[in-house]
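Have a look at it yourself before reading on.

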Amino acid sequence: FVVEVLELLRLFCESHYQQMQDYLRDPVHETGNVDLVSEVASLLQQLEPEIDQNNIDQAHKCLDTLAEFVQGNLSRRNATVLLETKVLDCVDRLVCKADFPVEVDQAHVTKLRHGIATLLMGLMEGSDRRAAQRMVQVMDLLR
């Protein structure tokens, strides 16, 4: 049910619904607050070293969900949270990964990389230069 839960979270933020984007990061007035933005980033980081045909859809859905968390978020707090995680390191490894298992269809790999591009563009939205600076700092863009 991981893909279904991620899709639900993604749909909550569809059309740049800022109140829900911010709530998923920082649920106010709740006991046991859980930052779902960081949790989805953590899930992607856990999946990344062993992506195969059984979990590539989960990794792709993580990327799509993270992109919805940051796209159109005027507070930029979700992007700030993600830039403080190791998500850019994870994305850099996925961009450069050439040795996906042979069982993984190339169309799935292309879809995964498209999700990476969408997330990176979402992180760079707005006038804040921190995202671009962090990307240059973390990612090996000369490969």
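Here are my entries, in the order I looked things up.

**Ground rules.** I am working with a predicted model, where local features need pLDDT of at least 70, side-chain atom pairs count only at pLDDT 80 or more, and totals for chains, interfaces and linings use all residues. Residues are numbered from 1 along each chain as its sequence is written, and side-chain values use heavy atoms, with hydrogens and water left out.

**Helix 1.** I began with helix 1, residues 2-12 (helices are DSSP runs of H or I, at least four residues, numbered from the N terminus). I found Leu6, Leu9 and Arg10 buried there (buried is under 20% relative accessible area, exposed over 50%, partly exposed in between, with a 1.4 Å probe and protein chains only). They cover an arc of only 100 degrees around the axis, so they sit on the same side of helix 1 (the arc is taken from the directions from the helix axis to the C-beta atoms). These buried residues pack against helix 2 (18-25), helix 3 (36-47) and helix 4 (contact means heavy atoms within 4.5 Å).

**Salt bridges.** I next asked how many salt bridges there are. The count comes to five, taking a side-chain nitrogen of Lys or Arg within 4 Å of a carboxyl oxygen of Asp or Glu. Glu7 pairs with Arg10, with the closest N and O atoms 2.8 Å apart. Glu7 and Arg10 are three residues apart in helix 1, which means about one helical turn between them. Arg10 is buried at 16% relative accessible area. Glu7 also bridges to Lys61 at 2.7 Å, N to O. Lys61 lies in helix 4 and Glu7 in helix 1, so this pair ties together parts 54 residues apart in sequence. Lys61 is buried too, at 15%. I noted that Glu7, Arg10, Glu14 and Lys61 are linked in a network of salt bridges.

**Leu47.** I then checked Leu47, in helix 3, and it is buried at 10% relative accessibility. Leaving aside neighbours within four places in sequence, Leu47 contacts Asn55, Gln58, Ala59 and Cys62. Leu47 and Ala59 are twelve residues apart in sequence, with 6.5 Å between their C-alpha atoms.

**Helices 4 and 5.** Last, I looked at where helix 4 (residues 56-70) meets helix 5 (residues 77-84). Their axes come within 7 Å and cross at roughly 135 degrees (axes are lines fitted to C-alpha atoms, for helices over the stretch in contact, and angles run from 0 to 180 degrees between N-to-C directions). Leu66, Phe69 and Val70 of helix 4 touch Asn78, Ala79 and Leu82 of helix 5.

Terms used. Helices (H or I, at least four residues) and strands (E, at least two) are DSSP runs, numbered from the N terminus.
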